[in-house]
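Student: Let us go through this model, starting with the contact between the chains and then turning to a sheet.

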Amino acid sequence: MNNAATPAREVRINLFGGFRQFHDQPAISIEIERSATVATLRGRIAELFEDDANARALLKASAFATDRRVLGEDEGIPADEELALLPPVCGG
Amino acid sequence: MNIHVGTTDQPLDAAAALEFCAAPGHGAVDLFIGRVRDFNQGKPVLGVSYDLHEALCRNVFRELAEETVAQWGSDTRLWLTHRHGRLDVGEASVIAAASSPHRDEAFRACRQLVEQMKHRAPIWKQEHYTDGDSEWVQGHALCSHG
């Protein structure tokens with residue numbers, strides 16, 4: 001049997017700022033194909049918030065990052081690194 | 001090392017920033033202190049809770065400081081620290097300092113560091129109002145996708 005799909009893995013995404021009001025845990029875990037991009041991950045998280053237009057709007061304006069850098073939309077999901085979902089920032 | 005960056009849940013120390021930026025050849029030190037104010041967007045504010053991504057924040061602070069040094073001179077000394085957790089009105093949330101031989105570079109370097117921090121550092125604030133309500137403040141998007 002030939003299964004064309006790449007194996008899945010679990011990715012942990014830490015939540016910050018305004019996302020804390022949309023989810024009762026500090027992080028979400030999603031099983032996603034190893035070949036998935038950031039854009040794919042964004043779509044999967046949007047499904048989790050399908051009943052919450054405010055959360056989806058915030059997701060659209062948010063970036064994904066590792067501990068070291070912000071990721072581009074077409075990049076693959078880095079292996080063995082936790083991700084963070086970063087809403088628009090406002091330090092100071 | 002002419003750059004100091006950090007995040008903390010403890011009160012910030014302006015004297016430490018000035019001491020770090022002291023150098024015999026530097027005739028100018030510019031110090032910026034950001035403090036929690038008691039009014040924003042028409043509502044009286046009791047305090048602000050700051051949330052930040054510590055590891056990424058330190059990396060971004062260092063990147064911003066290195067860019068600032070590259071812009072205003074390799075001998076520029078820079079300090080940037082940001083607090084997190086719940087702060088009351090009047091408490092310092094951020095301290096930035098820059099020193100250089102002359103004032104123009106010190107002013108500009110300090111301003112660049114603060115403005116870039118506000119636009120690029122992974123920090124969020126939730127304001128707490130006197131009516132008991134709380135709101136996450138809107139900010140600058142880090143992403144550029146459609």
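Student: Which side chain meets that of B:Asp51 in a salt bridge?

Tutor: This is a predicted model, so side-chain atom pairs count only at pLDDT 80 or more. The N to O distance of the pair is 2.8 Å, and a salt bridge requires a nitrogen of Lys or Arg within 4 Å of the carboxyl oxygen, so the pair qualifies. Between chain A and chain B the count is 1 salt bridge. The partner of B:Asp51 is A:Arg20.

Student: How many residue pairs are in polar contact across the interface, and what area is buried there?

Tutor: Chain A brings 25 residues to the contact and chain B brings 29. Across the interface, 14 residue pairs are in polar contact. Carbon and sulfur atoms give 63% of the buried area, which is about 2,100 Å².

Student: Which residues of chain A lose the most area to chain B?

Tutor: The side of chain A that touches chain B has 11 nonpolar, 7 polar and 7 charged residues. Three residues together account for 33% of what that side buries. They are A:Val89, A:Cys90 and A:Gly92.

Student: What is the strand order of the open sheet in chain B?

Tutor: The sheet has 4 strands with mixed pairing. Strands S1 (3–8) and S2 (28–35) of chain B each pair on one side only, which makes them the edge strands. S1(B) pairs with S5 (residues 77–83) of chain B in the parallel sense over 6 bridges. The order is S1-S5-S7-S2.

Student: Which residue of S5(B) is the bridge partner of B:Ile3?

Tutor: Helix H2 (residues 54–72) of chain B packs on the sheet and touches S1 and S5 of chain B. In S5(B), the bridge partner of B:Ile3 is B:Leu78.

Conventions: Residues numbered from 1 in each chain as written. Chains lettered and ligands numbered in written order. Predicted model: local features only at pLDDT ≥ 70, side-chain atom pairs only at ≥ 80, totals over all residues. Heavy atoms only, no water. Pairing = 2+ DSSP bridges. Helix = DSSP H or I, 4+ residues; strand = E, 2+ residues; numbered from the N terminus. Contact = heavy atoms within 4.5 Å. Axes fitted to C-alpha atoms, helices over the stretch in contact; angles between N-to-C directions. Buried area = accessible area lost by both parts, 1.4 Å probe. Polar contact = N/O pair within 3.5 Å; in protein donor to acceptor, adjacent residues only side chain to side chain. Nonpolar A, V, L, I, M, F, W, Y, C, P; charged D, E, K, R; others polar.
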